[in-house]
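Thanks for coming. Please look at the sequence and the model on the screen, and I will walk through a few parts of it.

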Amino acid sequence: MRFVLKTNYGRDIDIFKHRAHAAWYIVLIGLLIIAPLFLDVFYETQLTELFIWAIAGAGLMLLVGYTGLVSLGHVAFMALGAYIHAILYSRGWPLVLSIPASAIMTGGIGVLIGVASLRMTGIYLAIATLAFAMIVEKVLAHWPALTGGHSGFRVDDPTLFGLSLDSSTAYYYTCLTVLLFVFLAVINLLRSPTGRSFIAVRDSEISAQALGVNLLRTKTLAFALSAALTGLAGALYAHRIGFLFPDAFTIMTSIMLLMLVVVGGLGSLHGVVFGAFFITIVPQIIAIVRDWLPTELVQRGGLEPLTFGAVLILFLVFEPLGFYGRWVKVRLFFSQFPLYRKKTFLRQKSYLKTERVH
Amino acid sequence: MLEAEGISVSFGGVHAIQDLSFKVEKGEIFSIMGPNGAGKTTVFNLISRFYDVDEGRIAFEGEDITKVSPHAIARKGIARTFQNVELFEHETVLKNLLIAQHIHKKTSVLTEFLFTPKVRKQEIAFRRKAEDVIDLLHLQNYRETTVDSLPFGIRKIVEIGRALCMDPKLLLLDEPSSGLNPEESEDLSFWIEDINEDLGITIVMVEHDMNLIGQVSNRVLAMADGKELTTGNPEEVRVHPDVVDAYLGT
Ligand SMILES: Nc1ncnc2c1ncn2[C@@H]1O[C@H](COP(=O)(O)OP(=O)(O)OP(=O)(O)O)[C@@H](O)[C@H]1O
Ligand SMILES: [Mg+2]
């Protein structure tokens with residue numbers, strides 16, 4: 001096992017705890033930078049999509065994994081981000097303005113949802129956000145003057161300062177860059193007081209209040225940031241699909257996002273990457289497996305939602321810490337081999353709490 | 001410093017507190033004792049503003065705090081612990097102590113996104129403070145341990161540490177010794193005295209352990225069924241006939 005000797009506070013605050021740690025991430029980012037040199041277009045677009053999912057996932061992770069609020073409506077933020085950006089962009093706004101503007105506006109709508117849902121938690125919040133997503137879907141469909149309604153909205157090709165980003169390689173780098181900035185910002189937030197106040201609200205609302213954390217402000221902020229990041233992902237997604245229509249954003253997307261954070265591992269940014277990888281690869285696997293299955297089953301459809309649903313339930317039951325938690329255990333196993341004890345990860349009995357406020 | 005005047009609160013039909021008054025002087029250690037269900041924790045919840053008083057008022061440093069919102073209480077300088085411990089379970093002890101310094105934060109979300117030098121400086125200051133508290137309460141061995149794998153006794157101490165990280169003027173301790181073994185209890189009584197004398201923090205403590213009360217506190221409020229029985233120094237209160245009755249259940 002590696003003991004990190006902390007000789008000053010800076011060490012504890014820094015993103016990378018030791019050199020080898022930093023080296024791994026530099027290698028990973030380096031690989032992603034040179035990847036387009038030897039990947040064909042298919043894999044390039046798959047990775048681009050993975051980056052977009054990871055951005056949206058980081059947004060949802062802030063809310064679900066760090067603040068402890070659940071949302072089934074995040075597809076709405078993604079849709080809003082996509083539509084707002086596409087509309088502004090079609091009216092001549094430059095990309096560098098219309099993308100941030102769409103993220104900020106989506107964040108503003110997130111504030112409204114946050115305030116409206118303050119008194120709700122758990123299943124009630126899930127239902128309320130679900131209802132919000134349905135309303136947004138209806139608005140997009142029934143406001144053809146602005147959104148093109150069911151006939152859809154063509155997204156203009158992306159250009160940045162006269163430079164076309166339309167090729168799959170250019171767009172790959174665009175999304176990778178945005179992703180890296182988003183992750184850096186989120187990591188920074190999480191090692192600052194605001195990020196910790198999210199965690200405080202997640203783990204104990206009364207303690208958080210006793211420590212001076214304003215629940216209303218904190219939850220609203222979490223909703224706003226979460227919505228803004230998901231909106232940003234939506235804006236990038238708009239160019240990825242090139243054509244917007246209400247059916248591109250269904251509840252299925254919300255569930256996929258939720259699955260991303262759960263399967264990856266709640267409360268971890270590594271989990272976002274694992275989760276994004278997972279939801280990008282599963283449809284591919286299904287596509288391959290499909291050829292092997294009896295045609296009856298395949299023709300009935302719904303194979304994807306079924307798989308996603310089943311996986312989600314399996315994870316909730318057997319591996320609540322997600323892929324990242326599993327990875328940590330595997331890593332510990334090898335670093336302590338042959339001394340690994342199964343008991344290490346058994347949860348201690350928690351102490352009984354009374355129902356009332358104590 | 002803290003003054004309650006004729007406070008009452010009831011839940012449905014239960015009169016949890018009835019016309020209770022008491023006054024805590026700056027610098028003292030004031031204990032509240034009473035049998036189960038006497039309303040001791042409820043008094044704390046009224047001060048923390050988790051409950052609204054039905055009648056009466058509570059003043060802190062001369063200012064009426066009966067209408068202040070719960071999260072604003074911390075900024076006034078009041079910190080507390082909980083009878084059953086309310087820590088941030090999935091986080092390490094250090095992180096708990098850092099979260100506790102929330103009211104001292106001077107940075108905005110925007111600067112935190114960029115992690116400007118100001119944010120870094122603040123983080124270092126927060127860690128210094130946390131380390132001071134860790135040293136004071138001998139928590140060095142648990143710094144990086146997550147709370148859900150700590151024994152109950154240590155959690156109680158961590159919770160006191162968390163309250164201290166707020167730099168409070170007044171500290172409310174709800175049954176600090178319950179669940180501690182005799183050695184831990186002994187350490188606790190020294191710490192309570194240190195906190196009071198060296199850090200100059202006024203303490204209000206709900207306690208059952210008469211020994212601990214006798215050792216550290218200046219005055220004791222004994223209550224039963226939401227009402228005051230008597231207030232005085234520990235020796236007087238211990239032998240007061242009403243108090244003896246209340247504990248014998250007559
Ligand atoms: N939120 C609440 N809703 C209903 N009843 C409550 C609530 N809080 C406290 N009570 C009631 O008020 C009375 C006093 O409770 P309190 O928790 O203050 O007692 P206590 O003196 O702290 O007892 P203990 O020694 O068991 O901690 C009890 O009868 C309790 O059931
Ligand atoms: Mg109590």
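In chain B, four bridges join β3(B) to strand β8 (residues 202–206), and the two run parallel. A word on terms: helices (H or I, at least four residues) and strands (E, at least two) are DSSP runs, numbered from the N terminus, and two strands pair if DSSP finds at least two bridges between them.

This is a predicted model, where local features need pLDDT of at least 70 and side-chain atom pairs count only at pLDDT 80 or more, while totals for chains, interfaces and linings use all residues. Residues are numbered from 1 along each chain as its sequence is written, and chains are lettered from A and ligands numbered from 1 in the order in which they are written.

Next, an open sheet in chain B. Four strands form it in the order β2-β1-β4-β5, with antiparallel pairing. Strands β2 (14–24) and β5 (63–64) stand at the edges, each with a single partner strand, so one side of each has no neighbour in the sheet. Inside the sheet, five bridges join β1 (residues 2–11) to β4 (residues 55–60), and B:Glu5 stands opposite B:Arg57 in β4(B).

Chain B as a whole has 10 helices and 10 strands. Of its 250 residues, 44% count as buried. Its C-alpha trace spans about 65 × 40 × 30 Å along the principal axes.

Now the contact between the chains. It takes 39 residues from chain B and 34 residues from chain A; two residues are in contact if their C-beta atoms, placed from the backbone, lie within 7 Å. Which helix gives the most to the side of chain B that touches chain A? That is α5(B), with five residues. The residues of this side divide into 17 nonpolar, 10 polar and 12 charged. Here Ala, Val, Leu, Ile, Met, Phe, Trp, Tyr, Cys and Pro count as nonpolar, Asp, Glu, Lys and Arg as charged, and the others, Gly among them, as polar.

Last, ligand 1. Residues from chains A and B surround ligand 1, so the site is shared between chains. A residue counts as near a molecule or strand if its C-beta atom, placed from the backbone, lies within 6 Å of it. Of the 14 residues around ligand 1, B:Phe11, B:Ala16, B:Lys40, B:Thr41 and B:Thr42 come nearest. The largest share of the shell, three residues, comes from α1(B). By class, the shell divides into five nonpolar, seven polar and two charged residues.

Technical notes. Buried ≥ 20, exposed ≤ 12 C-beta atoms within 10 Å, placed from the backbone.
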